[in-house]
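Student: Could you take a close look at the aromatic rings here and walk me through how they pair up?

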Amino acid sequence: MIPLFKKGSKTDTKNYRPISLLPLISKVIEKEIHCQTQSYLDKNNILYCYQSGFRSKYSTDSCLSYLCDLISKGFDSGLYTGMILIDLQKAFDTIDHEILLHKMKFLGFSKKVIDWFKCYLSNRTFKVKINESFSSSGNVTCGVPQGSILGPLLFLLYVNDMAQSVDRKLLLYADDSCLIFQDKNPEVIQSELNKDFSNLCNWFVDNKLSIYFGEDKTKSILFTKQRKN
């Protein structure tokens with residue numbers, strides 16, 4: 001595993017993303033399993049319709065286009081649009097394997113397939129490489145390998161039921177989420193978004209995920225045509 005610098009201070013370990021360097025033969029097998037799994041998900045229309053991350057024919061553009069269209073239609077109807085933008089902390093690294101496999105069972109994956117994924121996730125060890133130096137070996141007890149082919153798809157399965165915990169519209173792009181509500185009264189928007197945000201927080205706790213409140217990662221915003229509000 002190599003630490004990939006993102007931004008900020010280079011002396012702070014939280015500013016690095018852990019990227020797994022995997023054997024080529026492993027990625028060949030992962031690619032085949034990914035194609036079969038994706039085919040099953042598409043055939044049965046399983047993935048959440050407003051999930052735009054790590055999906056063919058979806059991108060940040062599709063997510064932003066829908067969002068801009070929603071806000072514009074709200075303006076035309078005289079509505080305010082309130083949003084809570086949520087960022088998860090170390091989301092890929094904190095996925096609970098048992099919860100993931102249980103969700104796969106609920107989504108209709110066969111026992112043999114689930115057993116394969118259990119084997120894929122289990123008994124992994126890692127070493128951190130910096131220049132030519134290696135750390136001691138550690139055990140991987142949770143999370144999916146960043147840099148793998150299956151990792152992003154497994155994450156989508158893990159958060160696929162997130163929208164069921166709220167009453168309002170939820171847009172997703174991988175581990176970034178956007179909770180939206182429209183009304184003519186900003187106080188109603190605040191009240192309704194707070195209710196759903198509380199439900200989302202409960203979902204995060206149940207699924208062993210945590211919100212990143214640092215810097216400007218998680219925030220609320222209100223869209224209006226009025227210059228003064």
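Tutor: Happy to! Ring pairs join Y48, Y50 and Y66 into a cluster. Here, rings of Phe, Tyr and Trp (its six-membered ring) pair if their centres lie within 6.5 Å; planes under 30 degrees apart count as stacked, over 60 as edge-to-face and the rest as tilted. This is a predicted model, where local features need pLDDT of at least 70, side-chain atom pairs count only at pLDDT 80 or more, and totals for chains, interfaces and linings use all residues. Residues are numbered from 1 along each chain as its sequence is written, and side-chain values use heavy atoms, with hydrogens and water left out.

Searching the whole structure turns up nine aromatic pairs. One of them is Y48 with Y50, an edge-to-face pair with 5.8 Å centre to centre and 75° between the planes. Y48 is buried at a relative accessible area of 15%, while Y50, at 25%, is partly exposed (buried means under 20% relative accessible area, exposed over 50%, partly exposed in between, with a 1.4 Å probe and protein chains only).

F92 and F155 form a stacked pair, 4.4 Å centre to centre with 10° between the planes. This pair links distant parts of the chain, 63 residues apart: F92 belongs to the loop between β3 (80–87) and α3 (97–106), and F155 to helix α5 (residues 151–158). Helices (H or I, at least four residues) and strands (E, at least two) are DSSP runs, numbered from the N terminus. Both F92 and F155 are buried.
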